[in-house]
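User: Hello! I am new to this structure and would like a friendly walk through it.

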Amino acid sequence: EEILDEYRMERAMLEKKFSAMMQPLYEERKAVVIGEFDGAIGEEAKKLKEDVAEEGVVEDVNDEEDSAAGGGGQQDVRGIPQFWACAMGHVDVIAELIT
């Protein structure tokens, strides 16, 4: 009984410590999911493609498809579309309820 109480106390302290350390990561994830980082992520991807192009590597096929499509009916998509629907769909118990 005494050992179990000590274990619970130390575990609670560790959870509190690491919860505080993980909070900035959770905030960053939230910003990505809701679309606050879309511009920063897009700029990083663009810079990476430019760096690859400078090295003489073949460009991504998706760029050609996007330009061929003309961008006529594109929506301004922010964040990760259908994030929660996809996440919950991977949990068997919940997937049965939502499908």
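User: How many helices and strands does the secondary structure of the chain come to?
Analyst: Helices (H or I, at least four residues) and strands (E, at least two) are DSSP runs, numbered from the N terminus. Along the sequence, the pattern reads α-α-α-α-α. The count is therefore 5 helices and 0 strands.

User: What should I know about the model itself?
Analyst: This is a predicted model, in which local features need pLDDT of at least 70 and side-chain atom pairs count only at pLDDT 80 or more, while totals for chains, interfaces and linings use all residues. Residues are numbered from 1 along each chain as its sequence is written, and side-chain values use heavy atoms, with hydrogens and water left out.

User: How far does helix α1 reach from its first C-alpha to its last?
Analyst: Helix α1 covers residues 2-34, which is 33 residues.

User: Where does α1 bend?
Analyst: A bend at a residue is the angle between axes fitted to the seven residues ending there and the seven starting there. In α1 this angle is about 40 degrees, and a proline, P24, follows within four residues of the bend. The residue at the bend is M22.

User: Which residue takes a positive phi just after α1?
Analyst: Its phi is about 100 degrees. The residue is G35.

User: How many salt bridges does a search of the whole structure find?
Analyst: A salt bridge is a side-chain nitrogen of Lys or Arg within 4 Å of a carboxyl oxygen of Asp or Glu. One of them joins R8 and D5 at 3.9 Å, N to O. The search of the whole structure finds 2.

User: Is R8 buried, exposed or in between, and what is its relative accessibility?
Analyst: Buried means under 20% relative accessible area, exposed over 50%, and partly exposed in between (1.4 Å probe, protein chains only). D5, its salt-bridge partner, is partly exposed at 38%. R8 is partly exposed too, at 48%.

User: What share of the chain do buried residues make up?
Analyst: The chain has 99 residues. Buried residues make up 4%.

Conventions:
The expected span of a helix is 1.5 Å times one less than its number of residues.
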